[in-house]
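This report looks at helix packing, a chain interface and some backbone geometry. Please keep the structure open while reading.

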Amino acid sequence: MTSWEPRILGFLCNWCAYAGADLAGVSRVQYPPNVRVIRVMCSGRVDPVLVLEAFRGGADGVAVLGCHPGDCHYLTGNYQAERKMAMASRILEEVGIEPERLLLDWVSAAEGQRFGEVITCFVGRVRALGPLSGVPGASERAAVGEGIAASDRLRWLVGKERELVEAGNAYGEVLDADAFREVLWRNISVEHFRQRVRAELGKGPMTVGTIAGALDMPPRDVLRIIVDLEDRGIVHSGGMDGDSPLYVLAGTGGECR
Amino acid sequence: MTPDAVGAVLVVGGGIAGMQAALDLANSGFKVYLVDTAPGIGGTMAQLDKTFPTNDCSMCIMAPKLVDVGRHPNIELVTYSEVEGFEGTPGDFRVRIRRKARYVDPEACTGCGVCARECPIDAINSFNEGMNERRAIYLLYPQAVPLAFAIDRERCIGCGLCENLCLANAIRYDDKDEIVELRVGSVILCPGFEEFDPALKPEYGHGRFPNVVSSIEFERILSASGPFRSHVLRPSDGVQPRRIAWLQCVGSRDLGCGRDYCSSVCCTYAIKEAVIAKEHVPTIEPTIFFMDMRTFGKGFEAYYDRARDEYGVRFLRCRVSRVEEDPETNDLLIRYETEDGHIEEERFDLVVLSVGFTASEGARRLAERVGVELTERGFCAVDGLDPVSTSREGVFVCGSFAGPKDIPETVMEASGAAARASGLIASARDTLVGGKALPAEADVRGDAPRIGVFICHCGINIGGYIDVPGLVAYARGLPNVVHAEDNLYTCSQDTQKRFVETIQEHHLNRVIVASCTPRTHEPLFQSTLREAGLNAHLFEMANIRDQCSWVHMGERASATAKARDLVRMAVSKAQIIEPLSKVRLGVTQSALVVGGGLAGMTAALAIAEQGYDVDIVERDSRLGGNLNHIHTTADGADVQAFLRGLTARVEADGRVRVHTGAAISTIEGYVGNYRTTLDHGGSGTVIEHGVVVVATGAVESVPTEYLCGQDPDVVTQTDLERMLAEGADLSGSTLALIQCVGSREDHRPYCSRICCTNAVKNALRVVERYPDARVFVLYRDMRTYGFNETLYERAREKGVIFVRYDLDRKPVVARTGGGLEVRVRDPILGEDIDISADRVVLSPAIAPPDGNEALGKLLKVPLNSDGFFLEAHVKLRPVDFSTEGVFLAGMAHSPKFIGETIAQAYAAASRACTIISKDHFEAEATVSAVDDAMCVGCGLCVAACPYNAIELKDGHAAVTEALCKGCGLCAATCRSGAIQQKGFKDQQILSLIKGAICEVL
């Protein structure tokens, strides 16, 4: 018997899930005391960055609960939540944190009993996964994930997803949902790569070779990322190490810090 | 308008109709007394599990309205009360009301529920239709408003336990009935209906066989808060049923039991119950036994199609003779006669009787006391051309008291009745309302946080399961907490008084209450903050009851630890919360009405009656729209005379300006501040207005089948109407009327709603005027809903012959030497019949007009897939758009009758006046705001916003605060963090995350 208890954050929408949680109380539905609730007006307000931040801070699980599809108080908010959480889940997988630690589900204002069931079930699931601290370097992984979730490219793509696969793109073509997800997932991997390179550079000026060695990546791929980061003004070269240029994160000032 | 009127309205009946009417009136500057005989408001809708055709959770969509009504400063709830006496004249009525002894002081009761948990006496739970038990002291349902218990005196034995347990001292065993006198200017009656008592149809076995339930009982069975907690179970043995039958028209369309009318909603609610049951338990096999499938409302036909094709609901057109029980298994045997005359028998596990609407006894008593006439069927008597008026001037009606109807129609009528009731007393607007004066808000910006934490015991509800004194001590140690205390009930009036003093004494500039849920109590505490001179948003709540002590009752240590975390989270956020204010925007107090038909003219006159200017834009050269082609109503009223009167009133009204032959070229602005440019023949007029009413109507489609347009004797229903008006001689002739021409087909899947009744109306006029004429009506389902059913009945008595046809065997019309030949398959005989007709009369579909799409784009409001305008919410906001300040009336919404159009036009006027009756508009406080320095103008937030509240201006996103609803979707979507939702900023949510995870802040 271990004394560890999962620490879980719950983001509940004001109109359905939060009301359902209140009804669970009124109905005295008993469920495990592991969840700390943050009330948001809409499940679609839950930014993937916030989810990753919760994991970075040490949450063992995050539950995002909204209105059932079609019931959203804000018309489309829960559909937006669905896509954002799909991305958050994929990012977790990418950085090596079990995506099962993130739950997106729907609870109506009349489903007090169901709220208790959803929570009981999820607490059990997280308990089975064990503490997040069991994942080596969990906090750092989540921090990298947070960087991925904050990337403007991904945010653009996930923000546009519904429009592109349901209404159509700039050419009036409706994109295939699965194909679009592939694009999104590929971008998550690329962004992950970029974040790792950035994180590595955060330790100080480095050559492509050093980074490649540290990250166990082909130098060719690292170079491509460095060039791209240089283009965006995130990285600049700062001196040489023998024949190889040293790269520095912009804003860290290299030698001054 | 009545001079010297009293600026208050009495609304009798607290169901969805009463709530909607009360909110509209209260938001337009009138005092409202909302009376209900039950101890809480909510009515029938509160009992429903889901609502058709969207399958929305009934409580989810209703609860926000319940809360709004409960806390509205202009609405006074008078529950558990009945009208006893009524006198006076329009504009000044005196009402005597008996407030029944409740034995619980609703002001003192905190709704905590300890009394009901401990009460030793059981009573029948009428809210769950008697399928389980409640206690002698009870709350109507968990979300009830007011949140106050009542004692059922018939059951209570006076044992005294609740009084001993109630720490709020709310029990009053010596309570007595009390007579209250009210003065009001006008009255709205909406006492609702009763379900037909299925015991009056003993052949169906309700009350004898446990597994025969009524539809409302089944609704409770489906409900998560129902007797079986949403498990679909048979009452006899608690086993999940597989085969469930719905029997339609129980107590409807049945003169045998005194109900000759159709109840209008049962077909669609049966479909809903079947679909929801199947969603609960996919193995359920639902069968609906029906005569005609009457899915005539907006979106209902598609709902029917989906139920059949996607959910596999079986529809069986037949008559059920009786239900027998197999006593061994409690299974039920249904004997029925198929359309072609075979007798069959089938076994079911559960039978649901789709009971109809009947007039309620309470409503009859009310009508008698108020002095309004009832029909022979016991419903409130109304004139088809004046749908929300009763026989007594100044007394209005809405909802099912005037006849069976669904929720959206009820809501429309409620707003419509509000428009009429307030129009009468418009001179008294704002005379009886107005909040109390509040002290100025202290400017706390830049001050270090001084946080006060108030922790509620809620009697024993929190204190019994959590270490509250320990929690107070813990709170004192958190950063910037300068005061912490515990209260027996933080919400009680005496605590609230001390609350103000404590805030001032300790110079608190942030306040946290750890108690119940912000959903019910935040407004109360916020108003106390305002009384203490603090901004209402310098407040946080920690929900340590509903989401902590009540759900971890046996785990004191972990519940206390969780409560500590919840308080710490609130303190963490309190460090960085800011005062917020609602942005006030000026409002141009006038309206633009697009469309000069019945809906447009009616809405314009109703708005003008309230004292505001209106511009009507009509693209045709004359007013009247479709009304120009209609001569009589189903009741026989003269429509042309009515139209002449209406047009004359519009033209004579000094507040209404009419622009015929005009089109809209541009509309700029937003709620309260629109600027529209009209184009009439090249010249442009600019109109400034605060709201828009869309009343663009619909058109009769042009049929392309049955020789229409090729043969002069193939005409439309409108042609027949004109011929009858012009006195065409039809004696001795044979007419074949064909229904659903272009409706309910793949290319136009909706039902046009009005054609069945129109055809029956005209058929009757033909046979009544020319007894030797022969009329055949070829139909798919006869949808003469409501009281129109009696026309159908009369037409059959008078010899009109009705022949049903199926879509896959449509009638065939051919021109032969002798005349027109119509061949149709008679499903009863099972063979083709040939009709030699002099004329074929088609009922073409009602279609949306050209131009809806362009107008929709101008106003940024959507159309549905059928091309009609799409309202904000099909159930509860049927005349609003999701874009604030734009409203909808008449056939622009969907096909409908004259009376329905008038009611909806009044409703649009009422909704419009909630905005233009004030010189300013208050936006939400928790709106989004853009940091221009960070925003690159990518437009992602524009796409994320469901309310068109964001647009790109000069390379940046700009929020129109008047339109923002504060959902925060934009903030979660923004690429760069440039857009933030006030009160829910990233940093603020992060502070909650930190508070939840980090022991040390």
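**Helix packing in chain A**

In this predicted model, helix α2 of chain A (residues 48–57) packs against helix α3 of chain A (residues 77–95) at an angle of about 40°. Their axes lie 9 Å apart. The crossing of α2(A) and α3(A) is right-handed.

Which residues meet where α2(A) and α3(A) touch? From α2(A) come A:P48, A:V51, A:L52 and A:F55. From α3(A) come A:K84, A:M85, A:M87, A:A88, A:I91 and A:L92. By class, this contact has nine nonpolar residues, one charged residue and no polar ones.

**The interface between chains A and B**

Chain A gives 60 residues to the contact, and chain B gives 64 residues. The area buried between the two chains is about 5100 Å². Carbon and sulfur atoms account for 59% of that area. Three arginines stand out on the chain A side: A:R28, A:R36 and A:R45 supply 15% of the area that chain A buries against chain B. That is more than any other three residues supply.

How many salt bridges link chain A and chain B? The count is seven. One salt bridge joins the side chains of A:R36 and B:D565, at 2.7 Å from N to O.

Several elements of chain A give two or more residues to the side that touches chain B. They are β1 (8–13), α1 (17–26), β2 (35–40), α2, α3 and α6 (152–167). Both packed helices described above, α2 and α3, are on that list. The largest share, eight residues, comes from α1(A). By class, the residues on this side of chain A divide into 30 nonpolar, 15 polar and 15 charged.

**Backbone geometry**

| Peptide bond | Form | Omega |
|---|---|---|
| B:F52 to B:P53 | cis | near -5° |
| B:V145 to B:P146 | cis | about -5° |

Where do these prolines sit? B:P53 is in the loop between β3 (50–51) and β4 (56–57) of chain B. B:P146 is in the loop between β10 (137–138) and β11 (150–151) of chain B.

Chain A has a backbone feature of another kind. A:D216 has a phi near 55°, a positive value in a residue other than glycine. A:D216 is in the loop between α8 (208–215) and α9 (219–231) of chain A.

Note on methods. Residues numbered from 1 in each chain as written. Chains lettered and ligands numbered in written order. Predicted model: local features only at pLDDT ≥ 70, side-chain atom pairs only at ≥ 80, totals over all residues. Heavy atoms only, no water. Axes fitted to C-alpha atoms, helices over the stretch in contact; angles between N-to-C directions. Helix = DSSP H or I, 4+ residues; strand = E, 2+ residues; numbered from the N terminus. Left-handed = near helix turned anticlockwise from the far one by under 90°. Contact = heavy atoms within 4.5 Å. Nonpolar A, V, L, I, M, F, W, Y, C, P; charged D, E, K, R; others polar. Buried area = accessible area lost by both parts, 1.4 Å probe. Salt bridge = Lys/Arg side-chain N within 4 Å of Asp/Glu carboxyl O.
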